[in-house]
2 protein chains.
Amino acid sequence: MKNVIVGQSGGPTAVINSSLLGVFKTARDRGADIVYGMVHGIKGLLDGKIVDLSKQIKNDLDMDLLKRTPSSFLGSCRYKLPDVEGYEEEYERIFKILNDLEIYAFFYIGGNDSMDTIQKLSDYGKSVNSPIRFMGVPKTIDNDLAVTDHTPGYGSAAKYIASTTKEIIRDGLVYDYPVVSVMEVMGRNAGWLTAAAALAKSEDCEGVDLICLPERVFDLDKFLARVGELCRAKGSAVIAVSEGVKIADGRYVCELADHVDYVDAFGHKQLTGTARFLAAKVAEKYGVKTRAIELSSLQRCASHITSRIDVTEAFNAGGAAVKAAFEGMSGQVITLKRISDDPYMCVTEPTDVRFIANVEKKVPDEWIDEDGMGVKEALVHYIRPLIQAEIAPLWVDGLPRHLILHEE
Amino acid sequence: MKNVIVGQSGGPTAVINSSLLGVFKTARDRGADIVYGMVHGIKGLLDGKIVDLSKQIKNDLDMDLLKRTPSSFLGSCRYKLPDVEGYEEEYERIFKILNDLEIYAFFYIGGNDSMDTIQKLSDYGKSVNSPIRFMGVPKTIDNDLAVTDHTPGYGSAAKYIASTTKEIIRDGLVYDYPVVSVMEVMGRNAGWLTAAAALAKSEDCEGVDLICLPERVFDLDKFLARVGELCRAKGSAVIAVSEGVKIADGRYVCELADHVDYVDAFGHKQLTGTARFLAAKVAEKYGVKTRAIELSSLQRCASHITSRIDVTEAFNAGGAAVKAAFEGMSGQVITLKRISDDPYMCVTEPTDVRFIANVEKKVPDEWIDEDGMGVKEALVHYIRPLIQAEIAPLWVDGLPRHLILHEE
């Protein structure tokens, strides 16, 4: 038997299921017997929650729906494997489960935390002479993975953000009195997503007035001064800020509010409220109408706007992982290598997981304006190809149709 | 000369420009010489800000772009005309401007506040024996206009809300631990928009668990008890609440937070924070992870998802207003009359503006669940036809293309 297993982990993207389809279809095409899916990632595997994917994805229509389904079809988890030392039992359990299922290759679709799982399983596998191959398939809207030119999931999120920004700009400039709109975009440490707001600027759009990324220290006084200038010069303004912007002493801007919204069950403070705080400051200082808009989870689950480039690359990353595993590779992650900018061309390339796991890639300093309140054309040039072309939803009775997991 | 003039007023919708196109195209087809546009509504007219629309909408491509452009192409205002008494001068000024422009008919696209403008101008016009015809074209995402079966703009907002709700549900149920997601939908007094979240429920979607409309008194204890039951029974839950829900003493739920976000330049308290407040309460009481998602202005400007039914009806409402005016009517608003439910068929009908101006239509009591935390099938049945069919954006370089006003 040549069975394979695939799981999805971490925060979802609009195209994480395209990668799942890439693994499923390529594995079957290359002769895999059963393609198992872990329900809720490695955590589900440990709990024995697995499904036979060919019973879930039954025909071409299901495949087309899967590509258009947001969130992780198999469910996700935020479980990080412990180091082997002292936890040998957990690893033995995982490998027993995999051996019982006659697994030939193991695929994990996730971000840099999930790639840590691939590294640990692959290392442990080698240490016990297991023949199972472990391959990582990258995904994250944050685009913060090392080595790879960009990550599947980013292009669609960027397309959603840029499209929405165009609409917010039209809406924000509609009145004959000044309105300052502040958009809050995801990105705790890296500003890739917020930078996508810069793409809105075009023949038919004024673009945003300021873009603040977490790569630069946020100076509230300088920010307010710039907004004041904008109000005087143009009346209304539209601003994009990253949820992760911090002031000089290291505190997040959203922590400056005199109240904390709430702390979740794990004691994590919710990192939202940046736009709200800034909008309040602007309203207070200049007496203008302000509006705070959080793109919140919509920017990662809006599968009704995806980039076809991104969908295709996500599929290819899944397929390339299978190809590499079937050719004998293990402990690798599929990365994307841009071989040409104009015309845009990009290929997949397996890379040793240890160059990727737990590493975070930020927006290069030279792509950010000197004053930290805008981005350079080179950054727009980098993102632009990633948002090209569309894949329309399959509309049923007025709404986009999805494929959902059925209990077996 | 047979010139006409058209303006847009109040909060925009995704299809308000389809109504503008309906007025423009029909007026030209019926022999109007110049179709003027007021920039920023009646306020702009008073300031002499007018454009010749045929210089803005030059060809078929422009028309197709205009239909897909969010926000008000001509700009909007929130200006309410004063009563004539004591302000005769203002009315004389308006009529002098209209007479100088040789205006034959005046069209105003807006909600119930804007219809008040039509009523006042029409009444004044009669009192001074002016031959100018004044016609209202309804628009509002809120769907709260009287007489009309529904308002242009509502169907597209409902389609966006229901589509987004499906995506939020997929995203909200992705983890193996409980997450309570609370969506906040627009609607200060009427729950039509929030009710659209009910449409998410379908073969491929679990639907939302609770829907709270402003038509019913909000009971925080009962709400928390229901959420507790949901968490115990299913783990995760997705909830839609209207921004306008109020507790028994008449305070908005968002006012219960121990801080006020901010007050705008006009002294209006911003009516947001309902989802945030409720999410915090749930997290505090049940120790679960929660997420607050505000659909904010996205729900009124998301022209990348529009209902073709809505686009067509919005166009037709504009066209019908011109037809009625050219046939001699004045002081009327075009309403929509549903003549059949299955198959859905709807016609336009002019209605005396005084039945519509300043009147607000709420969700009927019999369409809301007894406990006020859900809606009946009859309401879904009413909304469903309004979200049918699509009109795809014209994508240019990866983003939806719009038509924007050029200074003359």
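Modeller: Helices α1(A) and α11(A) cross in the right-handed sense, where right-handed means that the near helix is turned clockwise from the far one by less than a right angle, and left-handed that it is turned anticlockwise. This is a predicted model, in which local features need pLDDT of at least 70 and side-chain atom pairs count only at pLDDT 80 or more, while totals for chains, interfaces and linings use all residues. Residues are numbered from 1 along each chain as its sequence is written, and chains are lettered from A and ligands numbered from 1 in the order in which they are written.

Helix α1 of chain A covers residues 16-29 and helix α11 of chain A residues 308-326; helices (H or I, at least four residues) and strands (E, at least two) are DSSP runs, numbered from the N terminus. The axes of α1(A) and α11(A) come within 7 Å and cross at roughly 40 degrees. Axes are lines fitted to C-alpha atoms, for helices over the stretch in contact, and angles run from 0 to 180 degrees between N-to-C directions. The two helices α1(A) and α11(A) therefore count as oblique to each other (under 35 degrees is roughly parallel, over 145 roughly antiparallel, 65 to 115 roughly perpendicular, and the rest oblique).

On the α1(A) side, the residues that meet α11(A) include Leu20(A), Leu21(A), Gly22(A) and Val23(A). Among their counterparts in α11(A) are Val311(A), Phe315(A), Gly318(A), Gly319(A) and Val322(A). Contact here means that the C-beta atoms of two residues, placed from the backbone, lie within 7 Å. Sorted by class, this contact of α1(A) with α11(A) has 10 nonpolar, seven polar and one charged residues. Nonpolar covers Ala, Val, Leu, Ile, Met, Phe, Trp, Tyr, Cys and Pro, charged covers Asp, Glu, Lys and Arg, and the others, Gly among them, are polar.

Next comes a sheet. In chain A, seven strands form an open sheet with mixed pairing, in the order β3-β2-β1-β4-β5-β10-β11; two strands pair if DSSP finds at least two bridges between them. At its edges are β3 (50-52) and β11 (344-352) of chain A, each of which pairs on one side only. From one strand to the next, the twist averages 30 degrees. Strand β10 (residues 332-341) of chain A runs antiparallel to β11(A), and nine bridges join them. In one of these pairings, Lys337(A) has Val347(A) in β11(A) as its bridge partner. Helix α11(A) packs on this sheet, where it touches β4 (103-110), β5 (133-138), β10 and β11 of chain A. The direction of α11(A) makes about 165 degrees with that of β5(A).

Chain A also has an open sheet of four strands, with parallel pairing and the order β7-β8-β6-β9. Its edges are β7 (210-212) and β9 (289-294) of chain A, which have a single partner strand each, so one side of each is left without a neighbour in the sheet. Neighbouring strands of this sheet are turned by 15 degrees against each other on average, direction ignored. Strand β6 (residues 179-185) of chain A pairs with β9(A) in the parallel sense over six bridges, and Glu184(A) stands opposite Glu294(A) in β9(A). Helix α6 (residues 154-172) of chain A lies across β6, β8 (237-242) and β9 of chain A, at about 165 degrees to β6(A). Helix α8(A) also packs on the sheet: α8(A) touches β6, β7 and β8 of chain A, and its direction makes about 155 degrees with that of β8(A).

Helix α8 (residues 220-234) of chain A has a helix partner too, α9 (residues 274-286) of chain A, with the axes 11 Å apart and an angle of about 60 degrees. These helices, α8(A) and α9(A), are therefore oblique to each other, and their crossing is right-handed. The residues that make the contact include Leu224(A) and Val227(A) of α8(A), and Val282(A) and Tyr286(A) of α9(A).
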